[in-house]
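Please open the model in your viewer and keep the selection tool at hand.

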Amino acid sequence: MVPLRIVKGDATSPQTKGPKLIAHVCNDLGGWGKGFVLAVSRRWPEPEKAYRQWHRERASNDFGLGAVQVVPVRPDVWVANMVGQRGTRTGSNGPPIRYDAVERCLRTVAAHADRLAATVHMPRIGCGLAGGRWSRIEPLIVAELCARGIGTTVYDYD
């Protein structure tokens, strides 16, 4: 078990040595244009391009709630597109966040981080446009990443 680190800074620019996996939550509609994804796209074009293609070809791949796509952006940096929200708007089923899908995504991210010998970096996933509560997300991160010995840092952007 390693403690979850919460720091001020930019999750797209982790200030640490070694391989890094940057994780964030995406919706299941193929939409990419608000929230943290804008910061990702400003830094690297590959994650958005890969996500849009993944969604376009969803009839023949694993795209859907709980799925993860890991996109290399530098020799030692990858971005994990985690499908953890249904749609983009709050409706009769509550906010778009799907905690069970986020949990499955984090489990998959943990396996990728192990394979890559990478630390994991993220904003407060699922707590912005997805409408999730940090009090429900943080325990998932701790259980799926920190409890498995994966160094994990959450960034609060100023």
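Begin by selecting Met82, Leu106, Val120, Met122, Ile125, Ile141 and Leu145, which touch the most other members of the largest nonpolar core, a group of 30 residues. A nonpolar core here is a set of buried Ala, Val, Leu, Ile, Met, Phe, Trp, Tyr and Cys residues joined through side-chain atoms within 4.5 Å, where buried means under 20% relative accessible area, exposed means over 50%, and partly exposed lies in between (1.4 Å probe, protein chains only). This is a predicted model, in which local features need pLDDT of at least 70 and side-chain atom pairs count only at pLDDT 80 or more, while totals for chains, interfaces and linings use all residues. Residues are numbered from 1 along each chain as its sequence is written, and side-chain values use heavy atoms, with hydrogens and water left out.

Next, colour strand 2 (20-27), strand 4 (77-85), helix 3 (99-116), strand 5 (119-122) and helix 4 (134-144), each of which supplies at least two residues of this core. Helix 3 gives the most, with eight residues. Helices (H or I, at least four residues) and strands (E, at least two) are DSSP runs, numbered from the N terminus.

Which residues is Leu145 in contact with, leaving aside its neighbours within four places in sequence? Select Leu106, Val109, Ala110, Val120, Met122, Ile150 and Thr152 to see them; contact means heavy atoms within 4.5 Å. Then turn to a second, separate core of 14 residues, which includes Ile22, Val37, Ala67 and Val73.

The remaining stops are salt bridges, each defined as a side-chain nitrogen of Lys or Arg within 4 Å of a carboxyl oxygen of Asp or Glu, and by this rule the count comes to ten. Select Arg52 and Glu48, whose closest N and O atoms are 2.9 Å apart in a salt bridge. Both residues lie in helix 2 (residues 46-56), four residues apart, which is about one turn of the helix. Arg52 counts as partly exposed at 32% relative accessibility, and Glu48 counts as partly exposed at 23%.

Move on to Arg124 and Asp156, a salt bridge with its closest N and O atoms 2.6 Å apart. Arg124 lies in the loop between strand 5 and helix 4 and Asp156 in strand 6 (residues 152-156), so this pair ties together parts that are 32 residues apart in sequence.

Finish by selecting Glu103, Arg107, Glu144 and Arg148, which are linked in a network of salt bridges.
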